Amino acid sequence: MGCLVGAPAIRIRVVPEVAPLFRRRIFRSFRVSASSSSPAESIRVRFAPSPTGNLHVGGARTALFNYLFARSKGGKFVLRIEDTDLERSTKESEDALLRDLSWLGLDWDEGPGVGGNYGPYRQSERNALYKQHADKLLQTSHVYRCFCSNEELEKMKEIAKLNQLPPVYTGKWASATEREVQEELAKGTPYTYRFRVPKAGSLKIDDLIRGEVTWNLDTLGDFVIMRSNGQPVYNFCVTVDDATMAISHVIRAEEHLPNTLRQALIYKALEFPMPKFAHVSLILAPDRSKLSKRHGATSVGQFKEMGLLPEGMVNYLALLGWGDGTENEFFTLDQLVDKFTIERVNKSGAIFDSTKLRWMNGQHLRSLPSEKLTELIGELWKSTGMVAESKGSFVEEAVQLLKDGIDLITDADNALSSLLSYPLYSTLSSPEGKPVLEDKLSEVAASLLSAYDSGEFTNALEEGSSGWQKWVKNFGKALKRKGKSLFMPLRVLLTGKLHGPDMGAGLLLVYKAGICGEVAPASHSGFVTLDERFNILRQVDWDSLNKNDDDNPANVKPATAHVC
């Protein structure tokens with residue numbers, strides 16, 4: 001039996017399903033099983049994407065599980081590009097795949113851009129190897145040339161369908177004589193290579209996730225491994241690649257489980273040791289259908305553009321079908337390497353929950369060092385025209401104030417825009433604002449305007465947080481208000497909103513933004529300065545609002561209104 005350097009030693013047991021008396025005959029009925037004979041085997045896993053589109057979250061999770069398994073075992077993580085689909089494979093897709101994997105932090109030990117002792121690492125560059133092994137199978141009679149035309153094959157399918165049989169190849173050329181084959185070759189008739197499948201028996205594997213899986217061989221006809229144009233078929237390529245790259249464990253999506261039957265037969269015929277298999281369940285949409293584009297963003301690149309951190313994406317993907325057995329859900333990549341075991345991967349489908357993904361990303365975002373978080377958000381604000389410079393005291397203080405309401409980096413724009421805006425009229429005219437309006441809001445507004453006009457309010461803000469707190473306390477005493485009856489009217493009148501971050505800290509930032517020049521003009525940022533807010537407040541027709549707040553929208557001015 002052939003054995004590759006660095007590959008796990010596997011025993012293949014073939015059991016003829018006939019009486020011992022006839023063992024000298026060539027049997028086409030057997031049972032195959034695999035078991036490891038080397039407890040200290042060299043761990044080598046691979047992720048083998050096709051460069052025909054973006055990296056789907058399902059593929060990213062498969063890559064992650066392979067990476068974690070290899071790193072946790074001290075093994076090698078191999079990246080192989082399966083680009084035999086020449087019509088759909090593109091260099092752009094391959095480059096995007098590599099960028100997305102690098103962004104996730106899944107660095108590979110062997111593969112494109114890295115090299116290694118088992119290359120080349122693109123299937124399109126390995127055709128000579130496939131031809132070599134296909135010819136070997138031809139010489140050992142495990143495959144044969146099939147000269148059937150497409151019309152003949154279609155007719156076989158139709159007959160099988162009429163007889164309610166599986167659409168398997170009938171074996172027309174399986175028993176052809178050498179003379180018949182040579183006649184077709186002389187005529188230049190196109191042919192494929194077909195693998196001889198035993199007519200009866202079964203094949204069994206012990207899947208590391210799904211347990212024992214068995215197939216009956218009579219459901220599989222002789223299958224093609226090389227097309228008439230000389231191109232190898234997927235299952236043949238994968239088997240040759242995994243064997244010649246000494247892959248010890250094949251961890252992949254469950255949709256590849258049916259392929260294992262063909263691949264195991266090829267392993268045996270080429271006398272290659274079989275790897276261990278682990279088939280990961282699919283990622284499902286909330287309706288339990290297979291996750292697809294119709295459910296929204298599904299590719300790593302899309303989530304990156306949406307503002308996710310690689311740390312948040314990796315953490316969430318790891319929990320789609322895996323857990324460490326505790327209630328903990330927050331993991332860094334290093335922690336995942338330390339905790340991951342293939343035995344804890346669940347065989348049932350995992351539901352993709354975008355709300356939880358957003359929440360988890362927020363946890364990672366807020367766990368970043370303050371300097372890193374400020375840098376990320378500051379650069380975003382500058383790139384979108386919210387601030388003039390990405391650094392400075394205003395940016396630093398704004399990030400600290402707003403970070404609890406930011407789950408995605410891109411949320412930061414809306415968070416700052418909300419802080420700088422002053423939608424007073426829309427708030428006062430809303431159902432939620434009505435109780436505040438009816439709580440003698442006009443009286444609070446009159447007192448607030450008086451404090452502003454006297455310079456008392458501005459002087460308090462000049463003193464910072466302590467000045468603000470002292471002023472609020474005195475203002476409340478003068479109006480005989482406290483708690484919610486004091487702070488809710490002040491929040492509405494000073495911020496134009498019913499909810500938001502700490503009011504005092506927010507107002508101090510608005511005041512600073514009005515005098516420091518770090519915020520972009522209102523046309524870009526929607527910024528309404530403190531002076532402009534009091535001018536708007538001064539123009540409110542309280543009598544009309546109190547009388548017609550539900551019935552006459554004409555009395556409500558636009559939320560974007562401000563005085564320049």
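This is a predicted model: local features need pLDDT of at least 70, side-chain atom pairs count only at pLDDT 80 or more; totals for chains, interfaces and linings use all residues.

Student: Which residue lies over the face of Y169?

Tutor: That residue is R194, placed at 3.9 Å from the centre of the Y169 ring.

Student: How is a pair of aromatic rings described?

Tutor: One gives the distance of the centres and the angle of the planes. The structure holds 16 aromatic pairs, and one of them joins F147 and Y191 in a tilted arrangement, with 5.5 Å from centre to centre and 55° between the planes.

Student: Which parts of the chain does the pair of F147 and Y191 tie together?

Tutor: F147 belongs to the loop between β5 (143-146) and α4 (150-162), while Y191 belongs to the loop between α5 (178-187) and β6 (192-195), so the pair ties together parts that are 44 residues apart in sequence. F147 is buried, at a relative accessible area of 5%, whereas Y191 is partly exposed, at 26%.

Student: What are the distance and angle for F303 and F352?

Tutor: Their ring centres are 5.7 Å apart and their planes meet at 40°, so this pair is tilted. It links distant parts of the chain, 49 residues apart, with F303 in helix α8 (residues 300-305) and F352 in the loop between β13 (350-351) and α11 (354-367). Both F303 and F352 are buried.

Student: Which residues do ring pairs link into a cluster?

Tutor: The cluster consists of Y452, F457, W468, W471, F475 and F534, linked through ring pairs.

Methods: Residues are numbered from 1 along each chain as its sequence is written. Side-chain values use heavy atoms; hydrogens and water are left out. Rings of Phe, Tyr and Trp (its six-membered ring) pair if their centres lie within 6.5 Å; planes under 30 degrees apart count as stacked, over 60 as edge-to-face and the rest as tilted. Helices (H or I, at least four residues) and strands (E, at least two) are DSSP runs, numbered from the N terminus. Buried means under 20% relative accessible area, exposed over 50%, partly exposed in between (1.4 Å probe, protein chains only). A charge sits over a ring if NZ of Lys or CZ of Arg is within 6 Å of the ring centre and within 35 degrees of the ring normal.
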